[in-house]
Amino acid sequence: MKFIHLSDLHLGIPLNEHRYPSKTAHTTRRLELEDAFFNVLKEDLKVDAILISGDTFDKDGIRSFYIDRFIKQAEKSSIPVIMIAGNHDDFILKPSMIHRFKSGSLTLLTKDHPSVTIGDTEIIGMSTLDFDLNTAKAYKEASKADHQIFLTHGDVLSKKDRYYLTDVKSLEALGFDYIGLGHIHKHQFLAPSIAYAGNLEPFDFSEKGIKGYILGDLDARSFSFIPHAKRAYHKLKLTLTEDDDSDAIIQQVKENVPDDKALVRVVLTGEKALQSEPLDAIKERLDAVYFVAEVKDERRIKRDLEALKAKYPGSLIEVLIEEASDEDALALALEALMESEGAS
Ligand SMILES: [Mn+2]
């Protein structure tokens, strides 16, 4: 039995428009998030099942279009799609909704129908709402199939999370051939056969790194992460000297982030020339290279202000240096003053 384990699609998640350089870029990204799962379905996958471990929908109240499209595509899939509800989409367990998710190739595992058997493997699922370790153990022990997979959704690493389920050791002790988890968006293996799949596409700068799904082969006992995302977020801190201009900045960013489809946040630190290029100009140049670029300037003006004060004692320059709170304003004022005084 081979399967794909994916998670946390959060269909309908709002995307902050003002973070995108244009309406077109915003729309492009919105569609990439909406289409990620359907693109997986379209691929010629040599697997026996697609397992989704919760939070398929972002929240109750999203446009029905997202739910309708998901059901329509999943029910006609050539590969069975087996899903559970997470903490974000437990509304699909409501009596008015639940029946829609048992149609064609689509099966939602619920308290009343907690498992489905495909070939020699029983897939058991428990939503965040229904999670109970002893019940999971009882299901495993009652199973007559050769293999068992368990799907659930919540935190198994931090007890502080209000959706904490249990710890990894307790999950391991259940003896499943594979446990597919949802909730934490960063994909990770907690044991050779226990994994968070993470989401298919990153949603914001808090979700760095490569995104994709887990490809599992129960007979080979092999479970591996497969990258699938169209884009990745990158955060970059550059330490500059006052001689570094936008050419040097762009070059350094390109060396660190060669992928021009990326979404990049650059923090500039180090030294800044008194007369430096406007931040907007740097951002515009980065915008021309990357899909989304953000720049934050944390540089400090290097010029020795104490020496300047000593050179112009009792002058407006001294007052400015002592009173200015904003470095950019200080730089501009100093520049203007020194020009008018013929200093440089
Ligand atoms: Mn969740």
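At what angle do helix 6 and helix 7 pack, and how far apart are their axes?

Entry 1, ground rules. I am working on a predicted model, where local features need pLDDT of at least 70, side-chain atom pairs count only at pLDDT 80 or more, and totals for chains, interfaces and linings use all residues. Residues are numbered from 1 along each chain as its sequence is written.

I looked up helix 6 (residues 246-256) and helix 7 (residues 279-289): they pack at about 35 degrees, with axes 10 Å apart. Helices here are DSSP runs of H or I, at least four residues, numbered from the N terminus. Axes are lines fitted to C-alpha atoms over the stretch in contact, and angles run from 0 to 180 degrees between N-to-C directions. The crossing is right-handed, that is, the near helix is turned clockwise from the far one by less than a right angle.

I noted domain 1 (2-227) and domain 2 (233-340) from the domain assignment, whose bounds are automatic or from a database. Their C-alpha centres lie 45 Å apart. Eight residues of domain 1 are in contact with seven of domain 2, contact being C-beta atoms, placed from the backbone, within 7 Å.

I found 54 residues in the largest nonpolar core, with Leu51 and Ile149 having the most contacts inside it. Such a core is a set of buried Ala, Val, Leu, Ile, Met, Phe, Trp, Tyr and Cys residues joined through C-beta atoms within 7 Å; buried means 20 or more other C-beta atoms within 10 Å of a residue's own. Among the residues that Ile149 touches are Leu51, Phe176 and Tyr178.

Methods. Helices (H or I, at least four residues) and strands (E, at least two) are DSSP runs, numbered from the N terminus. A residue is buried if 20 or more other C-beta atoms lie within 10 Å of its own, exposed if 12 or fewer, and partly exposed in between; C-beta atoms are placed from the backbone. Two residues are in contact if their C-beta atoms, placed from the backbone, lie within 7 Å. Lists of a residue's contacts leave out its neighbours within four places in sequence.
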